[in-house]
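Student: I have a structure open and would like to go through it. Can we start with the ligands?

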Amino acid sequence: MAAGWVLHAVLFRLLHLVLFSSVTAFSIGVNYGANADNLPPPAQVATYLKQNTYIDRVKLFDANPDMIRAFAGTGIALMITVPNTDIPAIASRSSSAASAWVAAHVAPFYPATNISLVAVGNEVMATSDRNLIAHLVPAMRSLYAALAAAGFHQIRVSTPHSLGILSASEPPSVGRFRRGYDRAIFAPMLEFHRRTRTPFLVNPYPYFGYTARTLNYALFRPNPGVFDPATRINYTNMFVAQLDAVHAAMQRLGYGDVEIAVGETGWPSAGDAGQIGVSAEDAASFNGNLIRLVNSGKGTPMMPGRRFETYVFSLFNENQKPGPTAERYFGVFNADLTPAYDVGLLRGGGGGKAPAPGSGVRRWCVASAGADGAALQANINYACGSGGADCGPIQEGGACFDPNTLLAHASYSMNAYYQAAGRHDFNCDFGHTGVITSSDPSKSPSPTLLIHSLSGEVESKSLLMLDFN
Ligand SMILES: *[C@@H]1O[C@H](CO)[C@@H](O)[C@H](O)[C@H]1NC(C)=O
Ligand SMILES: *[C@@H]1O[C@H](CO)[C@@H](O)[C@H](O)[C@H]1NC(C)=O
């Protein structure tokens, strides 16, 4: 009887392992950039990621103590970054800068915060600063020694590189490091990685390499592939080809065995007018397939069977990033922690599938009170014109004609467009004259903010009608 029960328990445990091993193997990191003025406090972010998502690694671009502390007790593995400007001092053997850095930025937080890697600088090779570049490998060694001396043997050291480190990458088999840097910098760096069993960290961005012709190749969609005659491998994805180009360069120097990790890669969910390949669907295709690939254990043609520790860029849409519109829409989450699109990072909800954008918290788009009349009229013209929103209700005689003000009509049409277009933040931007709100504007005490929701949800629609009558 007892033996039967034990056997039963063992079988149950085995079944459990078989059923859930693929789930527990799911691992993904994100870059937590904070170039924004509307993000939640770090502690709220850390708790949310821990409780609601499969994200188990976070990469910081600095060593901000509030951020590091926020992840205490979450178990989430943190990568923190030494600023580029600290590299020369840390490299120096005669100074105590490396141990001072560890004492200030690691010791107070570890192990409560699971710091798993210290990045020495960010894309240092791309700075073309000879002084920084010359001190990079010595700084990595020095920091590693300081961590070991402090007893932090589990904490790894690396440094992220843009793919500008390669002088050739297409097809992948020709991959090589830039001459001059290959033997002087990369050989000793890779030797360091081999000796310390730490990953070579690269930032491959198919986004910065695609054209209209290669969009499907970049987005993991069906495409004719790129044939590499030297290896007779047919590459059907640019990310995989970029990883293999890095591998080929490493192998050329004799370091094909060193692990590769992906410090950054990603795809924006919005861009400038006329830009192709930057919808929420495109971002979901890239990031969703990326997450599946790096977790699959399939590896790449040149690195079969490998998994790649990977940090998606980025956690949040960052509204203060300079540059083209797309720069502000790399986030897998909006600033209010709603998913920017469905990429399978949320726990619960249907086997790890995130809910569709906008589900859960109800959100509305309204005209900003400060917007001028010309902008409001332009928004109406756009939303009701090429935007395709149904603006019948604000025509004279329509159910939402009153209040007959420009602000109310603009809010109605902007919201109609926002709801129909998928409720992404960028659907409510309107040249910074739109505001997303989670409080139902039809219940606002201010009559100028009264609008009708075109959510398609009958019950809330009738509720809104009641409010107007
Ligand atoms: C720290 O993160 C690593 C990598 O994800 C993980 O294996 C380890 O279990 C974490 N440690 C704790 C104490 O949660
Ligand atoms: C590469 O693979 C794609 C997709 O499977 C296929 O359409 C294409 O013909 C292949 N090209 C070569 C040269 O094998």
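Student: How does the shell around ligand 1 divide into nonpolar, polar and charged residues?
Tutor: This is a predicted model. The shell around ligand 1 has 1 nonpolar, 3 polar and 2 charged residues.

Student: Which residues are around ligand 1?
Tutor: They are Asp 56, Arg 57, Gly 75, Ala 77, Asn 114 and Ser 116.

Student: And which residues are around ligand 2?
Tutor: Around ligand 2 you find Pro 224, Gly 225, Phe 227, Asn 234 and Thr 236. That shell divides into 2 nonpolar, 3 polar and no charged residues.

Student: Now the whole protein. How many helices and strands are there?
Tutor: The protein has 14 helices and 15 strands. Of its 469 residues, 45% count as buried.

Student: Let's take a helix pair. At what angle do helix 5 and helix 6 pack?
Tutor: Helix 5, residues 97-105, and helix 6, residues 130-149, pack at about 55°, and their axes are 8 Å apart. The two helices are therefore oblique to each other.

Student: Which residues make that contact?
Tutor: Helix 5 contributes Ala 98, Ser 99, Trp 101 and Val 102. From helix 6 come Ser 142, Leu 143, Ala 145, Ala 146, Leu 147 and Ala 149. The contact residues divide into 8 nonpolar, 2 polar and no charged.

Student: Different topic. Where is Ala 230?
Tutor: Ala 230 lies in the loop between strand 10 (226-228) and strand 11 (233-235).

Student: Is Ala 230 buried or exposed?
Tutor: Ala 230 is exposed, because 10 other C-beta atoms lie within 10 Å, and 12 or fewer counts as exposed. Ala 230 is also 6.7 Å from Ser 173, C-alpha to C-alpha, although the two are 57 residues apart in sequence.

Student: What kind of peptide bond joins Glu 170 and Pro 171?
Tutor: That bond is cis, with omega about -5°. Pro 171 sits in the loop between strand 7 (166-168) and strand 8 (176-177). The bond from Asp 402 to Pro 403 is cis as well, with omega near 0°. Pro 403 is in the loop between helix 12 (373-384) and helix 13 (406-421).

Student: Last one. What is phi of Arg 197?
Tutor: Phi of Arg 197 is near 55°, a positive value in a residue other than glycine. Arg 197 is in the loop between helix 7 (181-196) and strand 9 (200-203). Leu 337 also has a positive phi, near 70°.

Student: Where is Leu 337, then?
Tutor: Leu 337 is in the loop between strand 13 (310-312) and helix 11 (349-352). With 17 C-beta neighbours inside 10 Å, Leu 337 counts as partly exposed.

Note on methods. Residues are numbered from 1 along each chain as its sequence is written. Chains are lettered from A and ligands numbered from 1 in the order in which they are written. This is a predicted model: local features need pLDDT of at least 70, side-chain atom pairs count only at pLDDT 80 or more; totals for chains, interfaces and linings use all residues. A residue is near a molecule or strand if its C-beta atom, placed from the backbone, lies within 6 Å of it. Ala, Val, Leu, Ile, Met, Phe, Trp, Tyr, Cys and Pro count as nonpolar, Asp, Glu, Lys and Arg as charged, and the others, Gly among them, as polar. Axes are lines fitted to C-alpha atoms, for helices over the stretch in contact, and angles run from 0 to 180 degrees between N-to-C directions. Helices (H or I, at least four residues) and strands (E, at least two) are DSSP runs, numbered from the N terminus. Angles under 35 degrees count as roughly parallel, over 145 as roughly antiparallel, 65 to 115 as roughly perpendicular and the rest as oblique. Two residues are in contact if their C-beta atoms, placed from the backbone, lie within 7 Å. A residue is buried if 20 or more other C-beta atoms lie within 10 Å of its own, exposed if 12 or fewer, and partly exposed in between; C-beta atoms are placed from the backbone.
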